[in-house]
Amino acid sequence: MHFEQVFAGIDREHLRLAMYSSTAAQVERALQRPTGDVQALMALLSPAAQPYIEQMAQQAAHLTQQRFGHNISLFIPLYLSNLCANECDYCGFKLSNKIKRKTLNLQEINDEIQVIKARKFDSILLVSGEHETKVGIDYFCQVLPLVKQYFSHVAMEVQPLASEEYIKLIKLGLDGVMLYQETYQTMTYAQHHTRGKKQDFYYRLNSPDRLGETGIDKIGLGVLLGLDDWRLDALLMGYHLHHLENRYWRSKFSISLPRLRPCTGGIQPKSAINDLGLVQLICAFRLFSEQLEISLSTRESEDLRNNLLPLGITHMSAGSSTQPGGYATPANELNQFEISDERSVEDISVMLSSKGYQPIFKDWESGWRPG
Ligand code: SF4
């Protein structure tokens with residue numbers, strides 16, 4: 001059963017009302033037994049949990065330390081292409097944006113890799129816009145073998161693919177796929193995605209199931225906080241995570257919590273989430289899933305990234321460029337979104353060490369692969 005079927009049985013309006021009418025007693029009960037219980041997650045994400053954030057933070061910090069120690073894994077995104085056939089009104093790469101388009105060839109990718117390797121990274125996230133014909137499976141099949149020569153852990157954040165395409169890429173060394181639903185609220189999804197294949201909400205929604213069936217090492221979920229009611233979107237992502245964790249035991253799961261930020265020709269958030277809201281969200285998910293990896297991107301400010309660390313964060317990007325070719329030949333015109341934390345990887349490593357954390361560049365070696 002794919003998540004689409006579970007999703008069809010969720011009355012989202014009922015869920016929203018139930019969450020907003022959560023009581024202090026429900027929050028206190030949730031704090032006693034939060035793990036793997038979507039009802040508890042609902043209470044912890046609700047406004048009623050706000051007075052309990054200190055307690056949530058303490059429990060979350062304890063669980064994170066118990067499960068992950070004082071370690072933060074560092075990764076870097078490599079933008080392969082800003083070509084995109086979709087129209088997502090919040091994104092600088094959308095089709096209608098008159099920006100310079102670029103898809104890296106193998107030589108250019110190699111140039112990027114050399115700069116990245118000089119910074120010691122061993123975990124990479126390949127990112128592209130969604131353009132099936134020019135940046136599709138054939139292109140990925142050429143890119144993967146090159147990238148895999150240099151990195152132990154290779155993840156991708158690209159368009160959703162068919163099962164057989166995922167299997168092909170896993171055989172070439174793919175370890176993880178990040179695929180963000182952006183919002184689980186179908187009307188809002190339709191308003192913000194007005195052209196291209198991304199309009200198919202359910203194909204995207206079922207992609208993590210297709211990935212889980214392959215036995216891939218890591219699957220990442222995410223919502224773009226601010227597109228719609230962030231509490232409800234986070235809760236629905238919790239339902240999605242719960243479904244996947246219960247079905248696909250061979251995979252690890254991660255979430256990413258990007259907040260809507262300005263981009264070229266972009267939009268303003270409908271439901272802005274403040275820093276305290278982000279703290280609540282991170283803590284609620286850590287209490288819900290002890291083994292969940294939670295990553296924090298360079299969209300967030302230096303101060304906030306430093307302060308959120310102990311609550312549940314396990315992965316951070318560092319020294320990121322969001323433009324194709326941006327490491328070997330920095331320019332400023334092809335960015336997907338603006339970066340807040342512009343520190344180099346050395347600066348991030350020093351900050352982590354000063355707070356008693358070990359920056360981890362490699363914690364994975366590909367060995368057995370599902371056939
Ligand atoms: S969010 Fe992704 S699919 Fe949408 S316009 Fe940007 S790059 Fe394209």
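Me: Where is Glu-182 found?

Reply: This is a predicted model. In it, Glu-182 sits in the loop between strand S4 (176-178) and helix H9 (186-192).

Me: Why is Glu-182 called buried?

Reply: Count the C-beta atoms around Glu-182. There are 24 others within 10 Å. The label needs 20 or more. So Glu-182 is buried.

Me: What is the phi of Glu-182?

Reply: The phi of Glu-182 is near 70°, a positive value in a residue other than glycine. Most residues other than glycine have a negative phi.

Me: Which value does phi take in Lys-120?

Reply: Lys-120 is not a glycine, yet its phi is positive, about 80°. Lys-120 lies in the loop between H6 and S2.

Me: What makes Lys-120 partly exposed?

Reply: Lys-120 has 14 other C-beta atoms within 10 Å. Buried would take 20 or more, and exposed would take 12 or fewer. The count of 14 falls in between, so Lys-120 is partly exposed.

Me: Where is Asp-122?

Reply: Asp-122 is in the loop between helix H6 (106-118) and strand S2 (123-128).

Me: How do you know whether Asp-122 is buried or exposed?

Reply: Asp-122 has 21 C-beta neighbours inside 10 Å. The cut-off for buried is 20 or more. Therefore Asp-122 counts as buried.

Me: What does Asp-122 touch, not counting residues up to four places away in sequence?

Reply: Asp-122 touches Phe-151, Ser-152, His-153, Phe-361 and Lys-362.

Me: Which residues does Ile-124 contact, leaving aside neighbours within four places in sequence?

Reply: Its contacts are Phe-75, Ile-76, Leu-78, Ile-116, Val-147, Phe-151 and Val-154. Ile-124 also belongs to the largest nonpolar core, which has 94 residues. Ile-124 is one of the six that touch the most other members, along with Leu-44, Leu-45, Leu-126, Ile-282 and Ala-284. Helix H13 gives the most to this core, with 8 residues.

Me: Why is Leu-236 called buried?

Reply: Leu-236 lies in helix H12 (residues 230-247). Leu-236 has 22 C-beta neighbours inside 10 Å. With the cut-off at 20 or more, Leu-236 therefore counts as buried.

Me: How many residues separate Leu-236 and Val-38 along the chain?

Reply: They are 198 residues apart along the chain, while their C-alpha atoms are separated by 9.3 Å.

Me: Why are H5 and H14 called roughly perpendicular?

Reply: H5 and H14 pack at an angle of about 70°, and their axes are 5 Å apart. Angles of 65 to 115 degrees count as roughly perpendicular. So H5 and H14 are roughly perpendicular to each other.

Me: Which residues make the contact of H5 and H14?

Reply: H5 brings Ala-57, Ala-60, Ala-61 and Thr-64, and H14 brings Pro-310, Leu-311 and Gly-312. By class, these divide into 5 nonpolar, 2 polar and no charged.

Me: Which residues of H14 are buried, and what covers them?

Reply: In helix H14 (residues 302-312), the buried ones are Arg-305, Leu-308, Leu-309, Leu-311 and Gly-312. Their cover includes helices H5 (53-68) and H13 (275-288), plus strands S1 (71-81), S7 (293-296) and S8 (315-317).

Me: Which residues are around the ligand?

Reply: They are Cys-84, Asn-86, Cys-88, Cys-91, Phe-93, Lys-94, Gly-129, Glu-130 and Lys-198. By class, this shell has 4 nonpolar, 2 polar and 3 charged residues.

Notes:
Residues are numbered from 1 along each chain as its sequence is written. This is a predicted model: local features need pLDDT of at least 70, side-chain atom pairs count only at pLDDT 80 or more; totals for chains, interfaces and linings use all residues. Helices (H or I, at least four residues) and strands (E, at least two) are DSSP runs, numbered from the N terminus. Two residues are in contact if their C-beta atoms, placed from the backbone, lie within 7 Å. A residue is near a molecule or strand if its C-beta atom, placed from the backbone, lies within 6 Å of it. Ala, Val, Leu, Ile, Met, Phe, Trp, Tyr, Cys and Pro count as nonpolar, Asp, Glu, Lys and Arg as charged, and the others, Gly among them, as polar. A nonpolar core is a set of buried Ala, Val, Leu, Ile, Met, Phe, Trp, Tyr and Cys residues joined through C-beta atoms within 7 Å. Axes are lines fitted to C-alpha atoms, for helices over the stretch in contact, and angles run from 0 to 180 degrees between N-to-C directions. Angles under 35 degrees count as roughly parallel, over 145 as roughly antiparallel, 65 to 115 as roughly perpendicular and the rest as oblique.
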